[in-house]
Amino acid sequence: MAQTRNRWTTYLKQLQRKNRSVFLTWMLSYVSVLLVPILISGVIYGATLNVVKAEINRANQSILLQMEQAIDSQFKGIERLSLEMSLNRRISAFITADAALSDSDHYEIYQIANDLRIYEIANDFLNGIYIYYNNSDTVIARDNRMNGEELYNIIRFEENMPFQSFQQYFNQWYIKDYHSVVVSEADEWRPTVMYARNVTSTIMNEPGAVLLFMIDRNKLLEQATAPEEGTIIILDEKNRVIASTGDPLTEPAVQYDDLPGESGRLEIGAAKSRTVASYTTSSITGWKYVITLPAAVYHQKMNVVEQLTILSVLLCLLMGGGVTYWLLKRNYLPIHMLIQSLSFKSGVAFNRGSNEYSFLEHALNNTFHEKEELHNKLNQHNNTLRSHFLQRLLKGQLDSHIPLLESFSAYDLRFTSAGYSVILLHIEHFGKFHREDEEQVNNKRLLHFLIANVVEEVARKSANAYAVELDQQLLACIVNHQLMSPTEQHKELSRIAAETMSFISDHAHVQLTAAVSAQQEGEYGIFQAFQEAVEAMEYRIVAGSGGIIHYEDLGGGDSQGSAPGYFYPLKAEQQLIAVVREGQLVKAKAFVGEIIQKNVTMEPFSFHTAKCLMFDLMATLQKVIGEIRIVGKPQDVPDGIRAIERLMQCQTVKEMQGQLYEMLELLCSYINNNREYSSNPLIDKVMKYVNDYYHDENLNISMIGEAFSMTPSYISKLFKEHTGEVLLDYINKTRLAQAKLLLTGEKYTVSEISLKVGYNDVNTFHRIFKKFEGITPGGYREVK
């Protein structure tokens, strides 16, 4: 791109030299016929003279305007800096400090001085910055601290200004203006420029602070070029010379009051010492920017210009018509068309009075600069864009109208082989990168960067590989390899995963779990490979963490999620409930372990099935909690809700089994510790009576009271005190337990089952079944 820019610049310079040579040839042809212009010189002299004067005045005004813009730009920068400093927390906070400065105040002064040093370094047109705090009579500079009297010995508005007047200035409520001041340098008072702005305290009637910016007056005129034998002067409203290109001790040729209006030109002085002054007024400070030039020099240059202008006009009138038309048509029209095209396409208007070649060079340089900036920005965001593209590629979310190979080329992805596989890496714990503070996010990013680089480097020994972060604990690596046999592919991907996990474990103490997809052919197989790797990673709940899980080892993707179910019949659930209710911990653990082992060894046994089994076992324990609750001791009952929450946080079957064992220990301990509360021969007889006569439609509390020679209210109260359950609810639950057993088969209808469990009215059966089970009998049969 730099070479292209240099070629364009060279071409423009050559083109400009060529047109200049044509112009010189054109001028020489005019010189050969100089006798004719005398006839018409008198006619055009007057008009040309006015034009030349206007051009000279315009040139002077242009210098003034340039100077005004440059100086006003500096003043605006100073005002922005003052606003920024007034919002500085340390500067504004120190306003409340009093004259008796504490240690912390001295430290704040040191911090503020450092801030001032930074502000001064960033603004080279400043000679110094001072902050005067009224409340504590403290002045802070970049390298020292002083009081108001010491500042008075350095800076004054006038050399003989009394200290009281100087101090009254800083007691004003509102200060925001420029001043011509004098500064003590080497026992002499030197004039300079100061901008003052106050920082108001947030506390009512509390003295604030004043920011003082000492402006380098030499740099005010740094960008202004004075005409030959001319002088540039800056005057304020009090007729003080702010800056001058001449002798600062010399009285200025003009006074501020002599310059009316915002801008203009005038001649002043005696006949032999007349001076021509061109001036303009700053919109920010109200100062006058003046260019003075001796009238003799001013008119001498004008006379020369007049003569040259008359000569040029005469030559142009004599022979310029035809020659000018030919030269313009040959040399300028192509440039004009090119400028019009560039102006239209770039949206920048071309000023017909400006230089065409400068416009061309400026337009081309801007174009190349914008192109470089765009290229740099794309390079800065290339990694983020490529990661986003790889994520969408894995998830199959790419735009169909963009060819995939073009996208690969745009993101510098080189897939040269036909085989594709995906390796998922799950971070089990962060090892050395684990932190408990705000640095955890940065540590995770660093760990992701490390893992991505390691797996890419390991894989590229035999294939192309690109890793991308999917979430905080999961990364994916696309492996592009040659098509190979399943055995070879299995071996190679195992090597990549094993070496990556070993390196990360040895150097970062981070444990990873890898899930490897099967081999897919073609770029569009990446999505299928990713889905296989995701399914393999989900099987981590069964296989455990810290290993390598191959999708092909799961018995194929079609069987996942379509297994016939798991072994945990109703009879086994009742046996577990009976064992736990007896408080037999060893037997209960052995029973649960046998159920889990029998299901895990089934082929296939998916992670979905494993979760269902574990939650089903925990639900059984929840039922036991409801049955063994002892009245008067609710605070000792194990918390089933918290147990379910802990179970949901488990990542593997082994962890879930540990939670089940922990719940069994709590239940058996609770039962054994409260056995005296739950054991009552009468209650046991009542329960046996209900289990024997649940099918009798006349079974109710009254019938049970008659059977045991007790009033219904007493036996109901006694049953509630010992079991924590209403006797009528126990009767309904016993009947519904038998009804659910009958509903699992197709031998009886719902009406027949209603009669067999003691409900004469099928509607009553429906209502009670839905109350306790949350579903109708027919719906329960369909689910089962």
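Student: Why are helix 22 and helix 24 called roughly perpendicular to each other?

Tutor: In this predicted model, the axes of helix 22 (residues 681–693) and helix 24 (residues 712–723) cross at roughly 105° and come within 10 Å. Angles of 65 to 115 degrees count as roughly perpendicular, under 35 as roughly parallel, over 145 as roughly antiparallel, and the rest as oblique. Helix 22 and helix 24 are therefore roughly perpendicular. Axes are lines fitted to C-alpha atoms, for helices over the stretch in contact, with angles from 0 to 180 degrees between N-to-C directions.

Student: Which residues of helix 22 and helix 24 meet?

Tutor: Leu 682, Ile 683, Val 686 and Met 687 in helix 22 meet Ile 715, Leu 718, Phe 719, His 722 and Thr 723 in helix 24. Contact means heavy atoms within 4.5 Å.

Student: What makes the length of helix 10 agree with its number of residues?

Tutor: The expected span is 1.5 Å times one less than the number of residues. For the 14 residues of helix 10 (residues 382–395) that gives 20 Å, and the end C-alpha atoms are 20 Å apart, which agrees. Helices (H or I, at least four residues) and strands (E, at least two) are DSSP runs, numbered from the N terminus. Gly 396 follows helix 10 and has a positive phi, near 70°.

Student: How do you know that the buried residues of helix 10 line one face?

Tutor: Phe 389, Leu 390, Leu 393 and Leu 394 are the buried residues of helix 10. Their directions fall within an arc of 135° seen down the axis, so they line one face of the helix. Buried means under 20% relative accessible area, exposed over 50%, partly exposed in between (1.4 Å probe, protein chains only). The arc is taken from the directions between the helix axis and the C-beta atoms.

Student: What covers the buried residues of helix 10?

Tutor: The cover includes helix 11 (404–410), strand 13 (419–429), strand 14 (464–471), strand 15 (474–481) and helix 14 (526–538).

Student: What leaves one side of strand 3 and of strand 4 without a neighbour in the sheet?

Tutor: The open sheet has seven strands in the order 3-2-1-7-6-5-4, with antiparallel pairing. Strand 3 (145–146) and strand 4 (155–156) stand at the edges with a single partner strand each, so one side of each has no neighbour.

Student: How do you know that strand 1 and strand 2 pair?

Tutor: Two strands pair if DSSP finds at least two bridges between them. Three bridges join strand 1 (residues 126–133) to strand 2 (residues 138–140).

Definitions and conventions
Residues numbered from 1 in each chain as written. Predicted model: local features only at pLDDT ≥ 70, side-chain atom pairs only at ≥ 80, totals over all residues. Heavy atoms only, no water.
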